[in-house]
Amino acid sequence: MLRRRFQAMGTQIELVLDTRPSATAFRALAAAEADLRRLERFLTRFDPHSELSRLNELGTMVVGPALLEVVELALDARQRTRGRFDPTVHNALVGAGYNRTFAQVPRNSDAPPEAPARCAGGIRVDGETSTIELEPGVRLDLGGIAKGYAADRAAAILAQAGPCLIDAGGDIALRGRPWPVGVETSDGTLTLELSEGGLATSGRDRRHWTRAGAEQHHLIDPATGRPAEGDLLRVTVAAASAAEAEVQAKTLFLAGASAALEEASNDAVVLVTRDGRTLLAGALA
Amino acid sequence: MTSHVVRLYAAAGTLAAFFLAWAGIAARPWVEPPRDPRLVAMEQREQRLQRDATLVQQVVDRRWAAYRAALAQRQAAATAAPAPPVRVVTLPPVATTRSS
């Protein structure tokens, strides 16, 4: 089993390749790492020179295939989730205090959060000319879906060398053989086994901070423009891809426990409520 | 008298025709004038760039078509792919998913 760990996309990344050491295996690991780092340069909102930051600044831009594809995935997800998943929450995140990398966000500050920002902003994508046009004032945050997309891409690269698992800070993509993956529950860890697709967890238990005594977190409810107030602590979803798992996890988190239990379709879903219950839904129910 | 004037005009006309012909032949209209080598180089460069641009456009078109096809395939897979079979096991996990 070959492992490679490195820091990218604002988190710890681990590549696991279940094969014997060989030139092919090491080349695949290097290619997967290079691809993740390349995507980070395009898709992060924390680097003012990234392609995403330039798009946010200019409003209209001819973009490369990676940014175009992730924005199209995000728009498709917004349509399918009827706006619960929304890539235009950038201004709301910044208003809540998440205006720099999470490591640099002050955990406690007396400054109050800004007024809620409007979400559901207009985005027009012209695939023929590879142009993205944002409604004036609208900015994109592709954080979660970009990480899932990058993990899926890395898995596709590594899979050519053998069964593989990519752990991108909790967003997991896997291929080739059954992989046991842990899911944090309210009182321990539940282990799920799957051989294709991805898992992602959305929750308010890790990226959270306080502004003027009020707890803030990074899961913005597009309906209010504020960090979501629900009865869930975190949601884990196993789906056909890590990007799709990320979309579903965020969508179910915003839905709340009772709606999530109903809406969880064929995907395996683990819900952990704020009052300490663990609920299995979808394919696990 | 009349024939003298006629001869004079004829001689003058012949002389004029001779000089006109001489000037015409000396101008060598069948030979292309020498061209400015800078213009020639520029035209050659333009043709080369046009050829290169056509080739680049063909490569871009080919890659773009491949990208659109792959994107459509990935989007279809993301939305229509069945959820992967998942089961609860008691094995030690290789990795743990957590809030990202």
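Is A:R82 buried or exposed? Select A:R82 and look: this residue is exposed, with a relative accessible area of 73%. "Buried" here means under 20% relative accessible area, "exposed" means over 50%, and "partly exposed" is in between (1.4 Å probe, protein chains only).

Before moving on, know that this is a predicted model, where local features need pLDDT of at least 70, side-chain atom pairs count only at pLDDT 80 or more, and totals for chains, interfaces and linings use all residues. Residues are numbered from 1 along each chain as its sequence is written, chains are lettered from A and ligands numbered from 1 in the order in which they are written, and side-chain values use heavy atoms, with hydrogens and water left out.

**Stop 1: two loops in chain A**

Stay on A:R82, which sits in the loop between α3 (65-80) and α4 (90-96) of chain A. Helices (H or I, at least four residues) and strands (E, at least two) are DSSP runs, numbered from the N terminus. The phi of A:R82 is near 55°, a positive value in a residue other than glycine. Why point that out? Most residues other than glycine have a negative phi.

Now jump to A:A120, in the loop between β4 (108-109) and β5 (123-126) of chain A. Its phi is also positive, near 55°.

**Stop 2: a helix pair**

Select residues 23-43 of chain A, which form helix α1, and residues 143-158, which form helix α5. They pack at an angle of about 155°, with their axes 9 Å apart. The axes are lines fitted to C-alpha atoms, for helices over the stretch in contact, and angles run from 0 to 180 degrees between N-to-C directions. So α1(A) and α5(A) are roughly antiparallel to each other (angles over 145 degrees count as roughly antiparallel, under 35 as roughly parallel, 65 to 115 as roughly perpendicular and the rest as oblique).

Next, pick A:T44, in the loop between α1 and α2 (51-58) of chain A. A:T44 counts as buried, at 17% relative accessibility.

**Stop 3: salt bridges**

A salt bridge is a side-chain nitrogen of Lys or Arg within 4 Å of a carboxyl oxygen of Asp or Glu.

- Show A:E14 and A:R5, whose closest N and O atoms are 3.0 Å apart. A:E14 is buried at 9%, while A:R5 is exposed at 55%.
- Show A:R84 and A:E263, with closest N and O atoms 2.8 Å apart. This pair links distant parts of the chain, 179 residues apart: A:R84 is in the loop between α3 and α4, and A:E263 is in helix α7 (residues 257-263).
- Select A:E184, A:D205, A:R206 and A:R234 together to see a network of salt bridges.
- Switch to chain B for B:R35 and B:E43, where the closest N and O atoms are 2.9 Å apart.

**Stop 4: a nonpolar patch on chain B**

Finally, color B:L15, B:F18, B:F19 and B:W22, which make a nonpolar surface patch of about 470 Å². Patches are made of residues with over 30% relative accessible area and no salt bridge, joining like charges within 9 Å and nonpolar side chains (Val, Leu, Ile, Met, Phe, Trp, Tyr) within 5 Å. Accessible areas come from the Shrake-Rupley method with a 1.4 Å probe, and for residues only the protein chains shown count as cover. End on B:W22, in helix α1 (residues 2-26) of chain B: B:W22 is exposed, at 53% relative accessible area.
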